[in-house]
Amino acid sequence: MTARKWIEIPIVEQGSNRVVGGFCSTLDAVSAAELEALRQLKRLRAEAEQVKQQLQTQSGEERERLTRRLEALRQEAAVWRNKREQATLEKHLALGHVTLSVQSL
């Protein structure tokens, strides 16, 4: 990921014009946890493509084994997608882009 200069949005104190902080104007910064999830998803996608190619030429028991392997890859990918969503939510909370209601705590 290349470094870019983002515009910082000022946080102004209520009742005065004093700037008390700022936050970034972008939501596309990727955290380390998100990068790891993306790496794993890419690996799983590549492996699934290989299994799908093998499925086209196989039959019998080998086809059943490959089908089970493909389903296992789908389940693992679902876990990594959930981890990515959680990491994204945590990042947005840390950046102040999302707030939680009191009931969700």
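These legends describe close-up views of a predicted model of one protein chain.

Local features need pLDDT of at least 70 and side-chain atom pairs count only at pLDDT 80 or more, while totals for chains, interfaces and linings use all residues. Residues are numbered from 1 along each chain as its sequence is written, and side-chain values use heavy atoms, with hydrogens and water left out.

**View 1. The protein chain and its elements.** The protein chain has 2 helices and 2 strands, in the order β-β-α-α from the N terminus. Helices (H or I, at least four residues) and strands (E, at least two) are DSSP runs, numbered from the N terminus. Of the 105 residues, 16% are buried, where buried means under 20% relative accessible area, exposed over 50% and partly exposed in between (1.4 Å probe, protein chains only). The accessible surface comes to about 8400 Å², and 52% of it belongs to carbon and sulfur atoms; the areas come from the Shrake-Rupley method with a 1.4 Å probe, and for residues only the protein chains shown count as cover.

**View 2. The largest nonpolar core.** A nonpolar core is a set of buried Ala, Val, Leu, Ile, Met, Phe, Trp, Tyr and Cys residues joined through side-chain atoms within 4.5 Å. The largest one has 11 residues in all: Ala37, Leu41, Leu44, Ala48, Val51, Leu55, Leu66, Leu70, Leu73, Ala77 and Trp80. H1 and H2 are the elements that give two or more residues to this core, and its largest share, 6 residues, comes from H1. In soluble globular proteins, nonpolar side chains tend to be buried together.

**View 3. Ala37 and its partners.** Neighbours within four places in sequence aside, Ala37 is in contact with Trp80 and Arg84. Contact means heavy atoms within 4.5 Å. Both Ala37 and Trp80 belong to the largest nonpolar core.

**View 4. The surroundings of Ala87.** Ala87 lies in helix H2 and is buried, with a relative accessible area of 8%. Apart from neighbours within four places in sequence, Ala87 is in contact with Ser31, Ala33 and Glu34. The C-alpha atoms of Ala87 and Glu36 are separated by 10.0 Å, with the two residues 51 residues apart along the chain.
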